[in-house]
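Hello,

Here is the structure I promised to pass on, with the sequence alongside. My notes follow below it.

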Amino acid sequence: MAADSAGYRPRMTLLGALHPARRLGGRALPPIGLGCMPLSTRRRPPEEQAVRTIHAALDAGVRLLDTADAYAPDESEVGHNERLIANALRGRSEDVVVATKGGHVRRGTAWELDGSPQHLRRACEASLRALQREAIGLYLLHRPDPQVPYAESVGALRELRDEGKIVHVGLSNATVAQLEEAEGIVPIAAVQNELSLSYAAPLANGEVEACAERGILLMAWSPLGGLRAAAEAPGRVDAVRAAAEAHSVSPQQVVLAWLLSTSPAVMPIPGSTRPETIRDSLAAADLVLDPDELRAIGAAADYAERSEDSS
Ligand SMILES: NC(=O)c1ccc[n+]([C@@H]2O[C@H](COP(=O)([O-])OP(=O)(O)OC[C@H]3O[C@@H](n4cnc5c(N)ncnc54)[C@H](OP(=O)(O)O)[C@@H]3O)[C@@H](O)[C@H]2O)c1
């Protein structure tokens, strides 16, 4: 297959042979990224295993790593996940987009919000230091702060972009209305929202469609249903289990292949703490389900909206 104009060449390896590249701004990226949050929770793996997991993802072709300043066991280790990524990337030659976020703060182990421009500036500058980068490839507002007008939070990201500290601006946990408001302030390259079989609302409420229409990357967080559910939940859905058996692959791979098929804007960012699981997940980029399988899985998805406080 030919390389596209931005240099991404689909390969018959773990990543990207069959599902098209995703786009971040002008850049083509392999269709699945690595969610790094589980590498910095209270149950995080040893650092050596975490680094091996990131390297396994890179070796398989991953070029987007998702993190946040708040991905840490608690307040005392804010920036843990970003520092881990900086360590893992040291000496590697791949051109990797590191997507990080600001706007959540930790108090002890609790998650709180601060979307004020002052906090976002401090957070972005701390992320630059933790990542040891001169500019952040993609910086997202982690979550709207009800105490701060959205335009003020987004305006802070525009200033940081104008100063060259951010290459692309993104939003996380954003509605279509918030996306439209933000677009009036600064170009938005990515939206990162929850999207999985058990929470497929973005496919019904216009979020995926709005991103696809505008050429915005929709990063699907907790694509396997989240840390606690990912090992078991996909296999409990009949249509997923049937497709997994038919293709001799894991139910998790089937769910990721289904997500990839929902829109060329969608990039799942599965979390992983082991090379085995991330390699298995990445093989979804080479799995094409037939229309009947896709229909059956889509019919089993839960499109209901819910309000939930999540990281
Ligand atoms: N923007 C936001 O507000 C927000 C919120 C939550 C998450 N996120 C981002 O989204 C990423 C993904 O979400 P998540 O980590 O919460 O949930 P997830 O991706 O749905 O599930 C992660 C879990 O899936 C397991 N897993 C991965 N691939 C597997 C496979 N092929 N077979 C079996 N198990 C597999 C991993 O197990 P092992 O540990 O055994 O490898 C891991 O514990 C996060 O890492 C974070 O970067 C963003």
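The protein averages a pLDDT of 93, and 93% of the residues score at least 70; pLDDT is the predictor's confidence in each residue, from 0 to 100. This is a predicted model, so local features need pLDDT of at least 70 and side-chain atom pairs count only at pLDDT 80 or more, while totals for chains, interfaces and linings use all residues. Residues are numbered from 1 along each chain as its sequence is written.

One stretch to treat with care is residues 1–16, where pLDDT stays under 50. The model has 41 contacts beyond four places in sequence for that stretch, a contact being two residues whose C-beta atoms, placed from the backbone, lie within 7 Å. Where pLDDT is low, the predicted coordinates should not be read in detail.

Now to the sheet. Eight strands form an open sheet with parallel pairing, in the order E3-E4-E5-E8-E9-E10-E11-E12. Strands E3 (34–35) and E12 (266–268) stand at the edges with a single partner strand each, so one side of each has no neighbour in the sheet. Helices (H or I, at least four residues) and strands (E, at least two) are DSSP runs, numbered from the N terminus, and two strands pair if DSSP finds at least two bridges between them.

E9 pairs in the parallel sense with strand E8 (residues 136–141) over five bridges, and leucine 171 in E9 is the bridge partner of leucine 141. The chain gets from E8 to E9 through helix H4 (residues 150–162), in a right-handed β-α-β crossover: with the strands pointing away from the viewer, the path from the first strand over the helix to the second runs clockwise.

With strand E10 (residues 188–194), E9 has four bridges, again parallel. Serine 172 has glutamine 192 in E10 as its bridge partner, and valine 169 stands opposite isoleucine 188. E9, helix H5 (residues 176–183) and E10 make a right-handed β-α-β unit.

Finally, helix H10 (residues 275–282) gives the largest share of the shell around the ligand, three residues.

Best wishes
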